[in-house]
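Please read the following points beside the sequence and the model.

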Amino acid sequence: MTQWNELHRESQTRWETNAEFWDDYMGDKSNRYYRELIRPYTEQLLQIEPGHFVLDIACGNGNFSRRLAELGAIVTAFDFSSKMIERARRRTKQTDAIDYKVMDASDAASLLELGKEKFDRAVANMALMDMADVEPLVRSLYELLRPGGVFVFSIPHPCFQTPKMRKITETEDVDGEIITRHGIQTFDYLTPVPYQAVGIRGQPVPHFMFHRPLSYYFNLFFANGFILDGFVEPCFQKENGKGTFDWYGIPPVAIFRFKKSAR
């Protein structure tokens with residue numbers, strides 16, 4: 001446990017260091033990865049209705065929080081980086097619809113202070129893989145969500161984005177036609193492991209990520225009273241004439257919807 005606590009503290013320090021760089025890069029509209037893969041499918045799974053109370057976990061610069069407010073949700077959004085929350089507040093005009101907080105997703109006591117059975121929905125976009133310990137969050141979510149409430153989260157697809165994964169390109173002459181294929185090599189899928197990564201080239205320091213297989217997430221949520229009732233594996237649509245590897249036919253992201261069930 002000491003090792004994970006140290007990794008957690010170091011992870012928080014590094015995100016604080018990277019926060020302003022990431023906010024400057026993502027801006028108000030974020031990147032193609034978010035716009036084409038994360039946001040549209042997350043919205044489909046969340047099924048937000050006006051008046052829904054929504055918890056946006058590890059909200060970063062508040063990009064999706066603001067989208068939720070546009071859809072009519074009443075949003076509580078938090079991140080453990082104070083600099084991220086500062087940037088989120090600066091970018092937000094609908095201040096009455098979003099309550100930003102500096103909070104730690106692994107602090108169960110603080111989470112429960114938000115209000116038991118307060119939220120209709122909870123969401124975490126590309127965040128759980130950055131958390132050293134997700135179990136306190138999952139346990140708390142069962143208490144925070146109303147009966148039938150759902151939690152939607154996205155992570156890099158653990159089957160295809162393992163630590164030390166390699167992108168490969170192969171060229172083959174097939175009956176006189178030169179065929180180029182792009183793919184990946186993965187390693188040690190079943191082994192949960194922390195590793196350092198660079199999400200945006202040029203960020204001040206690498207950040208920590210925590211690889212876990214699908215079975216880890218499934219079993220954790222099932223044990224805490226959730227059922228899986230939605231799952232999407234989006235990938236980019238191939239552009240004509242583009243020959244570089246860009247996740248065509250292989251999903252870089254997995255998006256889950258877990259629903260609170262009666263125990």
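1. Leu 55 touches Thr 76, Phe 78, Leu 114, Phe 119, Arg 121, Ala 122, Val 123, Leu 141 and Leu 144, where residues up to four places away in sequence are not counted and contact means heavy atoms within 4.5 Å. The model is a predicted one, in which local features need pLDDT of at least 70 and side-chain atom pairs count only at pLDDT 80 or more, while totals for chains, interfaces and linings use all residues. Residues are numbered from 1 along each chain as its sequence is written, and side-chain values use heavy atoms, with hydrogens and water left out.

2. Leu 55 is also among the residues with the most contacts inside the largest nonpolar core, together with Ile 57, Leu 128, Phe 151 and Phe 153, and that core has 35 residues. A nonpolar core here is a set of buried Ala, Val, Leu, Ile, Met, Phe, Trp, Tyr and Cys residues joined through side-chain atoms within 4.5 Å, and buried means under 20% relative accessible area with a 1.4 Å probe, protein chains only. Helix 6 gives the most to this core, with five residues. A second, separate core of 30 residues includes Ile 48, Ala 73, Val 75 and Val 152.

3. In helix 4, which spans residues 82-91, the buried positions are Met 84, Ile 85, Arg 87 and Ala 88. Seen down the helix axis, these buried residues fall within an arc of 160 degrees, so they line one face of helix 4; the arc is taken from the directions from the axis to the C-beta atoms. Helices are DSSP runs of H or I with at least four residues, and strands are runs of E with at least two, numbered from the N terminus.

4. The structure holds one cavity of 30 Å³ or more, and the largest cavity has a volume of about 70 Å³. A cavity is a set of points on a 1 Å grid where a 1.4 Å probe fits but cannot get out, and lining residues have an atom within 4 Å of a point. Among the residues lining the largest cavity are Met 129, Gln 161, Tyr 195, His 211 and Arg 212. Strand 9 gives the most to this lining, with three residues, and the lining divides into eight nonpolar, two polar and one charged.

5. Of its 13 lining residues, Trp 4, Ala 132, Asp 133, Arg 212 and Tyr 216 lie nearest its centre.

Conventions: Buried < 20%, exposed > 50% of the residue type's maximum accessible area, 1.4 Å probe, protein only. 1 Å grid on protein atoms, 1.4 Å probe; cavity = no way out; pocket = protein on both sides within 12 Å on 5 of 7 lines; lining within 4 Å. Points joined across faces, edges and corners; volume = space filled by probe spheres on them. Nonpolar A, V, L, I, M, F, W, Y, C, P; charged D, E, K, R; others polar.
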